[in-house]
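I set down here what I looked up in this structure, entry by entry. The entries are meant for a reader who is new to it.

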Amino acid sequence: MKLPLEVTFRDTEYSPAVEENIKEQADKLHQFYEEIIRCHVIVEKGDKHHNHGNIYHVRIDLTIPGKELVVSREPEKNHAHEDVYIAIRDSFRAMRRQLEDHVRRQRDQGKHSKILPDEDEQDKSS
C-alpha cells in the first residue's frame, strides 16, 4: 500500500527536490510502521528578522489507527535549520522516535493484557 502523503510549502517556493526528500523520509517511516493512515508535512520558511538566514520550520502530522502524532519544532531555536534538508531530517527523526515509543507502548500493553483466570476458576481447579 502506498502511503497517503501530502506536502505543503508555506512562505517558500515549491521545490521538487525537497518534496522528493520528504517522500523518501516518509517511505522510511512507512517501512517501519505500515499502519500509517496519513502523513501531512508542512515546510515553512521563518521570518527574515532573524540574525542569520531564514530558518525552516517543518511540521509533520501523522495519523495512525486511533491516534495522531505531531512533530512541530520551534524554528528560531536551531540555526542548523537554515538548511531545509537538516530541518526535514530532524523532524522525521523526532517522528520516528514517537512512532517507536508508540510501538513499544502497544507491545507492553499486549504483555500486560493477558487475561488471568477468574478466582472462581482457580477454586474449581484446586
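Is Glu 6 buried, partly exposed or exposed? I worked from a predicted model, and in it Glu 6 is partly exposed, with a relative accessible area of 38%.

Entry on salt bridges. I searched the whole structure and found five salt bridges. One of them pairs Glu 6 with Arg 38, and their closest N and O atoms are 3.4 Å apart. Glu 6 belongs to strand S1 and Arg 38 to strand S2, so this pair ties together parts that are 32 residues apart in sequence. I noted Arg 38 as partly exposed, at a relative accessible area of 33%.

I then looked at Asp 101 and Arg 104, whose side chains meet in a salt bridge at 2.7 Å, N to O. Both residues lie in helix H2 (residues 84-112); they are three residues apart, and therefore about one helical turn separates them. Asp 101 is partly exposed, with a relative accessible area of 33%. Arg 104 is partly exposed as well, with a value of 43%.

A further salt bridge joins the side chains of Asp 61 and Arg 59, at 3.0 Å from N to O. I recorded Asp 61 as buried, because its relative accessible area is 8% and the cut-off for buried is under 20%. Arg 59 is partly exposed, with a relative accessible area of 30%.

Entry on strand S3. How many of the nine residues of strand S3 are buried? I found that seven of the nine are, and that the strand, residues 56-64, is mostly covered. Strand S2 (residues 38-45) runs antiparallel to S3, and eight bridges join the two. Within this pairing, Val 43 has Val 58 of S3 as its bridge partner. S3 is also joined to strand S4 (residues 67-72), again antiparallel, by six bridges. Here I noted Glu 68 in S4 as the bridge partner of Thr 63. S3 and S4 form a hairpin with two residues between them. In the turn, Gly 66 has a positive phi of about 80°.

Entry on Ser 15. Where does Ser 15 lie? I located Ser 15 in the loop between strand S1 (5-10) and helix H1 (16-32). Ser 15 is buried, with a relative accessible area of 19%. Its side chain reaches the backbone nitrogen of Val 18 at 3.1 Å.

Methods: Residues numbered from 1 in each chain as written. Predicted model: local features only at pLDDT ≥ 70, side-chain atom pairs only at ≥ 80, totals over all residues. Heavy atoms only, no water. Helix = DSSP H or I, 4+ residues; strand = E, 2+ residues; numbered from the N terminus. Buried < 20%, exposed > 50% of the residue type's maximum accessible area, 1.4 Å probe, protein only. Polar contact = N/O pair within 3.5 Å; in protein donor to acceptor, adjacent residues only side chain to side chain. Pairing = 2+ DSSP bridges. Salt bridge = Lys/Arg side-chain N within 4 Å of Asp/Glu carboxyl O.
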